Amino acid sequence: MTDGHDTYDEPDEPDEPFEGRAGDDALDCDRVEEELRGAAAVLDPVPAVLRELAVEAYALHDLDARIAELAFDSLVDAIPVRGATHVPRMLTFRAGELTVDVEVTDEGLLGQLLPPQQARIEVLSGPQGGASLTADALGRFTSDAPPAGPFALRLRAGGEVVVTEWLRA
């Protein structure tokens with residue numbers, strides 16, 4: 001005879017500890033990730049041209065060069081002017097005390113180094129040779145050719161080498 005209340009039976013405890021099952025789940029996740037990477041490599045491989053550009057860009061990397069980080073990009077940080085078309089892209093890179101200001105237009109590059117100093121500047125653009133520029137005593141430099149595709153600047157001044165981050169023009 002019951003008093004009308006159902007009794008609650010405790011579930012059976014698992015035969016193996018919880019930690020052991022978690023390890024199996026981790027192995028399953030690793031296996032699934034490996035299978036997904038394999039499928040992506042077959043169904044959506046990295047284009048050979050892009051892989052080649054990446055390898056060559058890395059090969060152009062100076063091991064002793066300081067990296068100038070992007071501090072300002074008008075495409076991201078500026079408020080667009082209503083109705084303005086063909087607005088130049090303004091970029092500012094910083095590496096320690098050196099600042100590199102660059103204006104990218106359809107006609108080319110215009111830039112200045114701060115503090116002002118003479119420098120040799122190379123516009124890196126992947127496998128094709130980049131333009132060689134010279135900054136005058138006031139740190140100003142120009143190029144009549146706009147960069148095509150991803151580009152970076154390599155500056156050599158006073159025995160120091162500085163390379164900017166890579167950007168798409």
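1. Start with a side chain: a polar atom of the Thr-105 side chain sits 3.1 Å from the backbone nitrogen of Glu-107. Bear in mind that this is a predicted model. Thr-105 belongs to strand 3, which covers residues 98–105. Leaving aside residues up to four places away in sequence, Thr-105 touches Pro-88 and Pro-146.

2. What do strand 3 and strand 4 form? A hairpin, with 2 residues between the strands. Strand 4 takes in residues 108–114, and its pairing with strand 3 is antiparallel, over 7 bridges. Thr-105 has Gly-108 of strand 4 as its bridge partner.

3. Strand 4 also pairs with strand 7 (residues 140–143), again in the antiparallel sense, and here there are 4 bridges. In that pairing Leu-109 is opposite Ser-143 of strand 7.

4. Now the inside. The largest nonpolar core has 22 residues, and the members that touch the most others are Val-100, Val-102, Leu-113, Phe-141 and Leu-153. Strands 2 (89–95), 3, 4, 5 (119–124), 6 (132–135) and 8 (150–157) each put at least two residues into this core.

5. Leu-113 is worth a click in the viewer. Not counting residues up to four places away in sequence, its contacts include Leu-98, Thr-99 and Val-100, along with Ala-119, Ala-135, Leu-138, Gly-139, Phe-141 and Leu-155.

Definitions and conventions: Residues are numbered from 1 along each chain as its sequence is written. This is a predicted model: local features need pLDDT of at least 70, side-chain atom pairs count only at pLDDT 80 or more; totals for chains, interfaces and linings use all residues. Side-chain values use heavy atoms; hydrogens and water are left out. A polar contact is a pair of N or O atoms within 3.5 Å; within protein, one must be able to donate a hydrogen and the other to accept it, and residues adjacent in sequence count only if both atoms are side-chain atoms. Contact means heavy atoms within 4.5 Å. Two strands pair if DSSP finds at least two bridges between them. A nonpolar core is a set of buried Ala, Val, Leu, Ile, Met, Phe, Trp, Tyr and Cys residues joined through side-chain atoms within 4.5 Å. Buried means under 20% relative accessible area, exposed over 50%, partly exposed in between (1.4 Å probe, protein chains only).
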